Structures are given as structure tokens and as C-alpha cells.
Amino acid sequence: MDLIQNEKDFILTIIERMSRFLIMEKLPNGKNADDVASTVIKLLKPFKKHLKSITTDNGDEFAKHKLISNMLNIPIFFTDPDSFWQKGAVGNTNKLIRQYIPKSLNINNLSYNKLLVIQNMLNYRPRKSLFLTHLLKFFITLLVKSILK
């Protein structure tokens with residue numbers, strides 16, 4: 001879980017670790033911890049029974065981690081300071097997002113549908129690490145396996 005920032009505008013990005021499936025949403029009120037927590041809960045609640053943990057950095061925007069942990073009933077882990085490799089999947093995905101949302105672009109001008117198109121383009125992009133399977137297919141496979149357990 002991480003944020004992409006363009007000046008004072010932010011997008012929350014959440015990456016599922018095994019499938020690299022991306023969920024993202026604009027944060028209209030900036031990186032306010034209450035708004036970040038409510039957005040994370042809203043985005044992950046449909047997957048609540050399939051979640052095992054969340055890893056994030058120590059930014060102030062994640063100060064409400066206990067609320068997220070309690071609402072989703074999962075542990076939250078924090079990376080060590082200056083250890084970007086501990087959440088490499090989200091860092092790499094954020095770089096891919098930057099191909100579509102450069103730092104010069106005003107995030108507030110992005111519509112919900114445009115953000116969804118970008119998210120879907122990245123989720124349908126084949127990944128070498130997944131044997132050139134697209135992320136959505138792999139994510140659904142993991143969900144089905146989890147349900148059948």
C-alpha cells in the first residue's frame with residue numbers, strides 16, 4: 001500500500017502481493033490519515049476474508065493503521081525506514097502508473113473512469129513474473145482457490 005503524489009494531489013495504490021493485482025483510488029482530501037483509512041477499508045472490505053496482511057511504510061498518512069487492522073481483521077506491517085525493496089511490488093507498479101499519470105498532471109483533473117481505465121490496463125498487462133499471465137486472471141485464480149479451501 002502506498003501513495004502517488006503530484007503536488008498536493010494523491011492516489012492510493014494497493015497491490016496484492018502474489019498476483020500483483022492493482023486497486024487504486026484518488027484521495028480528494030489529500031493524505032489525511034482518516035481519509036486514507038476509510039478509503040483502504042472501503043476498497044478492501046469486499047476481499048476481507050481473503051486478506052492475510054498489509055504492508056506499508058511509516059508515513060503519517062497511515063497513522064490510522066489500527067483502525068484499518070481492526071475493521072479488516074488483519075495485521076499491518078511496516079517497512080524499515082529507507083528500505084524501499086521491502087515493498088518492491090508497489091514501487092514497481094507505481095512506476096508503471098507514472099507512464100499514464102506523469103508528475104506534471106493534475107490528479108484532480110482525472111475522472112474516476114480514466115483512473116479505472118489505467119487500473120484495468122495495468123491489470124490486463126501480462127507480467128513475466130506470472131509467466132505472461134495477466135494480473136486479473138491470476139488474481140481470480142487465487143480468489144477461487146481461497147474460496148474452495
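I shall go through the fold, the cores, one threonine, the salt bridges and a surface patch.

This is a predicted model, in which local features need pLDDT of at least 70 and side-chain atom pairs count only at pLDDT 80 or more, while totals for chains, interfaces and linings use all residues. Residues are numbered from 1 along each chain as its sequence is written, and side-chain values use heavy atoms, with hydrogens and water left out.

Let me start with the fold. The protein chain has five helices and seven strands; these are DSSP runs, helices being H or I of at least four residues and strands E of at least two, numbered from the N terminus. Their order along the sequence is β-β-β-α-β-α-β-α-α-β-β-α. Of the contacts with a separation of 6 or more, 55% join residues 24 or more positions apart, a contact meaning heavy atoms within 4.5 Å. The chain has 149 residues, and 40% of them are buried. Here buried means under 20% relative accessible area, exposed over 50%, and partly exposed in between, with a 1.4 Å probe and protein chains only.

I turn to the interior. A nonpolar core is a set of buried Ala, Val, Leu, Ile, Met, Phe, Trp, Tyr and Cys residues joined through side-chain atoms within 4.5 Å. The largest such core holds 22 residues, and Leu12, Ile14, Val40, Ile54 and Ile68 touch the most other members. Strand 2 (9-15), strand 3 (22-27), helix 1 (33-44) and helix 2 (65-72) each give two or more residues to this core. Helix 1 contributes the most, with six residues. Apart from this core lies another, of 14 residues, including Ile11, Met24, Val90 and Ile101.

Thr39 itself sits in helix 1 and is buried, at 9% relative accessibility.

Which charged pairs form salt bridges? The whole structure contains three salt bridges, each defined as a side-chain nitrogen of Lys or Arg within 4 Å of a carboxyl oxygen of Asp or Glu.

One of them pairs Lys42 with Glu25, with the closest N and O atoms 2.5 Å apart. This pair links distant parts of the chain, Lys42 being in helix 1 and Glu25 in strand 3, 17 residues apart. Lys42 is partly exposed at 48%, whereas Glu25 is buried at 17%.

Another joins Glu61 and Lys31 at 3.9 Å, N to O. Glu61 lies in the loop between strand 4 (54-56) and helix 2, and Lys31 in the loop between strand 3 and helix 1, so the pair ties together parts 30 residues apart in sequence. Glu61 is buried, at 8%, and Lys31 is partly exposed, at 41%.

There is also a bridge between Asp34 and Lys64, whose closest N and O atoms are 3.4 Å apart. Because Asp34 lies in helix 1 and Lys64 in the loop between strand 4 and helix 2, this pair likewise ties together parts 30 residues apart in sequence.

Finally, the surface. Tyr100, Val117 and Met121 make a nonpolar patch of about 240 Å². Patch members have over 30% relative accessible area and no salt bridge, with nonpolar side chains (Val, Leu, Ile, Met, Phe, Trp, Tyr) joined within 5 Å and like charges within 9 Å. Val117 is found in helix 4 (residues 112-123) and is partly exposed, at 43% relative accessibility.

Terms used
Accessible areas come from the Shrake-Rupley method with a 1.4 Å probe; for residues, only the protein chains shown count as cover.
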